[in-house]
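Thanks for coming. I will walk through one structure today, and I will start with a question once it is on the screen.

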Amino acid sequence: YPYLDNEIPSQCFVRVNMTSGIDIRRSESLLTRLILPNTITYIADSAFTYHSGLKEIIIPDSVIKIGVGSFEKCTGLEFISIGKNVIELGNQSFMNCNHLNTILCKPIIPPIALSTTFYGSYTNTSTYNCPIVYVPDQSIDLYNIADGFFYYHSYIHPHTNKYILGI
């Protein structure tokens, strides 16, 4: 499969890369903060699946699509910043990120998402403390009814609150 310069290929950073058979578990804890370059437009399916060392992900405005299961079971993940041009969050892209507590979602129009996009991403699964989702102030109503986000309607807040809280 010829990879494009502007995409992160499938299973590129998973714990065990199924394509090459390389075991990268030893480096897993070294990558805790991921700031992708603004040349990336697509994150392929399962690119970072099972990468439990990740705590923070900054997805740049250049990214348009996040593939299926891209960050699934990144159990240490606490914070995601989703760039303003993302139009699609793949099915299960952040599923079972059970320490996720803050999502900064910059697109004015909510990205296409499914009910399973963030499924199981609670800070405490026994009480279902959902992550706080910060969205553009003018988009609160859109996110409250959008697939994949309306489950979090009680946790959706305007970006201005994010700045007040100093996040």
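Is C74 buried or exposed? C74 has a relative accessible area of 0%, so it is buried. Buried means under 20% relative accessible area, exposed over 50%, and partly exposed in between, with a 1.4 Å probe and protein chains only.

Before going on, some ground rules. This is a predicted model, in which local features need pLDDT of at least 70 and side-chain atom pairs count only at pLDDT 80 or more, while totals for chains, interfaces and linings use all residues. Residues are numbered from 1 along each chain as its sequence is written, and side-chain values use heavy atoms, leaving out hydrogens and water.

On confidence: pLDDT is the predictor's confidence in each residue, from 0 to 100. The mean for the protein is 80, and 73% of its residues reach 70 or more. Residues 15-27 have pLDDT below 50, and this stretch has 17 contacts in the model beyond near neighbours in sequence. Contact here means heavy atoms within 4.5 Å. Where pLDDT is low, the predicted coordinates should not be read in detail.

Back to the cysteines. A disulfide is a pair of cysteine sulfur atoms within 2.5 Å, and the structure holds zero of them. For C74, the nearest cysteine sulfur belongs to C97 and is 5.2 Å away.

Now the sheet. Helices (H or I, at least four residues) and strands (E, at least two) are DSSP runs, numbered from the N terminus. Two strands pair if DSSP finds at least two bridges between them. Six strands make an open sheet with parallel pairing, in the order β2-β4-β6-β8-β9-β10. The edges are β2 (33-35) and β10 (156-158); each has a single partner strand, so one side of each has no neighbour in the sheet. From one strand to the next, the twist averages 15°, where axes are lines fitted to C-alpha atoms, for helices over the stretch in contact, and angles run from 0 to 180 degrees between N-to-C directions.

β4 and β6 run parallel and are joined by three bridges, with I57 opposite I80 in β6. Next, β6 and β8 also run parallel, joined by four bridges; the bridge partner of I82 is C105 in β8. C105 has 0% relative accessibility and therefore counts as buried. Then β8 pairs with β9 (residues 132-135) in the parallel sense over three bridges, and I103 has V133 in β9 as its bridge partner.

What covers β6? In a regular strand the side chains alternate between the two faces of the sheet. Both faces of β6 are covered, with F79 and S81 buried on one side and I80 and I82 buried on the other.

L77 is buried because its relative accessible area is 0%. Beyond its neighbours within four places in sequence, L77 has contacts that include L54, I57, F94 and C97.

Rings of Phe, Tyr and Trp (its six-membered ring) pair if their centres lie within 6.5 Å; planes under 30 degrees apart count as stacked, over 60 as edge-to-face and the rest as tilted. There are seven aromatic pairs. The F94 and F118 rings have centres 5.6 Å apart and planes at 10°, so they are stacked. This pair links distant parts of the chain, with F94 in the loop between β7 and β8 and F118 in the loop between β8 and β9, 24 residues apart. F94 is buried because its relative accessibility is 0%, and F118 is buried at 1%. F150 and Y151 are also stacked, because their centres are 4.3 Å apart and their planes at 25°. Here F150 is partly exposed at 30%, and Y151 is partly exposed at 44%. One aromatic cluster is formed by F48, F71, F94, F118, Y143, F149 and Y152.

Last, two backbone details. Y50, in the loop between β3 (42-43) and β4 (56-58), has a positive phi near 65° without being a glycine. N96, also not a glycine, has a positive phi of about 60°, and N96 is in the loop between β7 (88-89) and β8 (102-105). Y50 is partly exposed at 37% relative accessibility, and N96 is partly exposed at 24%.
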